[in-house]
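Hi,

Here is the structure I promised to pass on. Please look it over, then read my notes below.

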Amino acid sequence: MFVNIYVNHPFGTIHVLICLIIMEKQAIIKIEHLAKKFGSFEAVKDVSFTVNKGDVFGFLGPNGAGKSTTIRCLLSLISPDKGTVELFGQSLAKNRADILKNIGSIIEKPDFYKYLSAQKNLEIFARISGANVSAKDIAEMLDFVGLGNRAKHKVKGFSHGMKQRLGIAQTLLHKPELIILDEPTTGLDPQGIVEIRNLILRLKNEQNKTILLSSHQLSEIELIANRMVIINQGKSVVEGDVSSLLNSEETLVRIELNDVEKGKSVIREKLNVSTITQISGNELEVNISKKRVPELCKALIDADLAIHAIEPKRKLEDYFMKIIQA
Amino acid sequence: MLLKNTYNEFIKIVAKPRSYLGFGALTLLIAIIIFAMKADGETIVSFITASFEQTLSFNGKLVNGNLIAFIILQMLVVHIPLLVALVTGDLISGEAAMGTVRMLATKPISRTQIVLSKFIAGAIYTLLLTVWLGFLSLFVSHLVFGAGDLIVLNSDGLVILQEADILWRFGLGFCVAFLSLLTVATLSICLSAFAENSVGPIVSTMAIIILFTIIGSLDVTVFDTIKPYLFTTHMASWRSFFEDPVPYDSIIQSIVVLLVHIVVLIGITLYKFNKKDITS
């Protein structure tokens, strides 16, 4: 960016040209006032948000909020009635093929040709991905998702988790810049969920991919997303940095102890904290600054209270409920 | 991209067990017909020629490979549409049922190219089925029964074709039969674009063929105006190559009607698939 400055000087005006390098974030996805009706049902009424390069962007909303419809509009599976969809600075309506070359996606659940092997399935999708994908790339990708030894096996014998991993392989095969994952952990066991979470973090940290992640697993979003939007009843309600929206300075701590009443008075007196909620006969919830958590533990121990459990409670869940109920 | 996806489509057809059902059914049916004709062919043919024996005397081998091939074609061309629709009716709706249409439509290939590649792959499959029919009916029949002149019973009377004058008629007859089957394939692909499962398009295709065939065979004045435009009216035009002289005008008219059907049906499929919201 260039700035022209004119300085008045006794000998005349001096023209100073200043070159400023401004690190502006590049918008990878820009959706404005998206709307879509199915008959008389308005699935999406007014959704707008922007995903910047390098973001892991959480896309949240209750069931029926319009998340899947919005994602399908993003991938040209559904034509929106109103609004604009821009990806990589280009209009999706005008540059569909060029845009889709740079996107890898899983929508709801990955479906494959059950009568073909994992390798054949990947070959089929690689052939129309718009990129040059070699047999070696396919073998490496199958190894990457832990299916190297099942490459020749037909997909009909795969478990849900294996299909999900094959879906991830299909998504990454053509090395896309943007990855769209709609409920990627649905139906997975805890180990599968952790695997997918670690994979997303690796994609962000090692390959600087931009990721749009729609999920009901709010704890997952809280752990891995840096920005998010919440939509409700077809409208975007709130958008921003996860840490700013959740006020990361404060945290909600759940404490399980032997004497709740004594605990309450200790916390009030020693830490001067007033937001204490008793959630059961032996459980308290305390809203406290992260830095003061050790002080809280010390105060309870010094008061001879037996602490059975102390854990930070995820705040996104509460924030999400507050937004949705509002 | 069109060629790459056509290759993909062909791989899918080859990998599906149902694709071999047509080839298996044809082989079995032709084997049964050949066995039946070997066992009782002379009686069947003498029953047909009996009414002409007062005015004509037949010398030589009437039950030969050419006659058997003609009978097989006559009998099976009515049933092969089902075998074709079994595969082509599944080409788009099968993807919707499996959910893979979502994966396909998010790739940088246009929906028009998706439909056209499916049509080309379906056409290749139909061609292979026709070639297999031709191979079994002509080659195997000739192996079992040997060659000879062909006697064809038409509405105008009996046509006797010399052995040397037959093979080209079969060749062109199979080409027109292929075009008829391709019309059926295109119809089922078109219906497939409207459905989310493969049973609907297959059953609907057969229902349309049966309905149009009944309308075509009813001697009712009201239907006379539409009969020339029904594709089923022209599906048996391969038979015209076994008339003497060959009515080329009528055959060309049939070819044009079938081609128009194919083009219109592809147009409808493209329009529907391009406008379709993929929600499966």
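Predicted model: local features only at pLDDT ≥ 70, side-chain atom pairs only at ≥ 80, totals over all residues.

Cores first. The largest nonpolar core has 135 residues. Those with the most contacts inside it are A:Phe57, A:Ala169, A:Ile180, A:Ile211, A:Leu213 and B:Val84. Helix H8 of chain B (residues 167-192) contributes the largest share, 14 residues. Leaving aside residues up to four places away in sequence, B:Val84 touches B:Thr126, B:Leu129, B:Leu181, B:Val184 and B:Ala185. Another core, of eight residues, lies apart from the largest one. Its members include A:Leu284, A:Val286, A:Leu296 and A:Leu300.

Next, the contact between the chains. Chain A puts in 21 residues and chain B 22 residues. On the side of chain A that touches chain B, helix H2 (96-100), strand E8 (103-107) and helix H3 (118-127) of chain A each supply at least two residues. H3(A) gives the most, with three residues. By class, that side of chain A has 13 nonpolar, four polar and four charged residues.

Last, a helix pair in chain B. The axes of H3(B) (residues 65-76) and H7(B) (residues 111-145) come within 8 Å and cross at roughly 145 degrees. The crossing is right-handed. H3(B) makes the contact through B:Gly65, B:Ile68, B:Ala69, B:Ile72, B:Leu73 and B:Leu76. H7(B) uses B:Leu133, B:Ser137, B:Leu138, B:Ser141, B:His142 and B:Phe145. By class, this contact has eight nonpolar and four polar residues, and no charged residues.

Best wishes

Technical notes:
Residues numbered from 1 in each chain as written. Chains lettered and ligands numbered in written order. Core = buried A, V, L, I, M, F, W, Y, C linked by C-beta atoms within 7 Å. Buried ≥ 20, exposed ≤ 12 C-beta atoms within 10 Å, placed from the backbone. Helix = DSSP H or I, 4+ residues; strand = E, 2+ residues; numbered from the N terminus. Contact = placed C-beta atoms within 7 Å. Nonpolar A, V, L, I, M, F, W, Y, C, P; charged D, E, K, R; others polar. Axes fitted to C-alpha atoms, helices over the stretch in contact; angles between N-to-C directions. Left-handed = near helix turned anticlockwise from the far one by under 90°.
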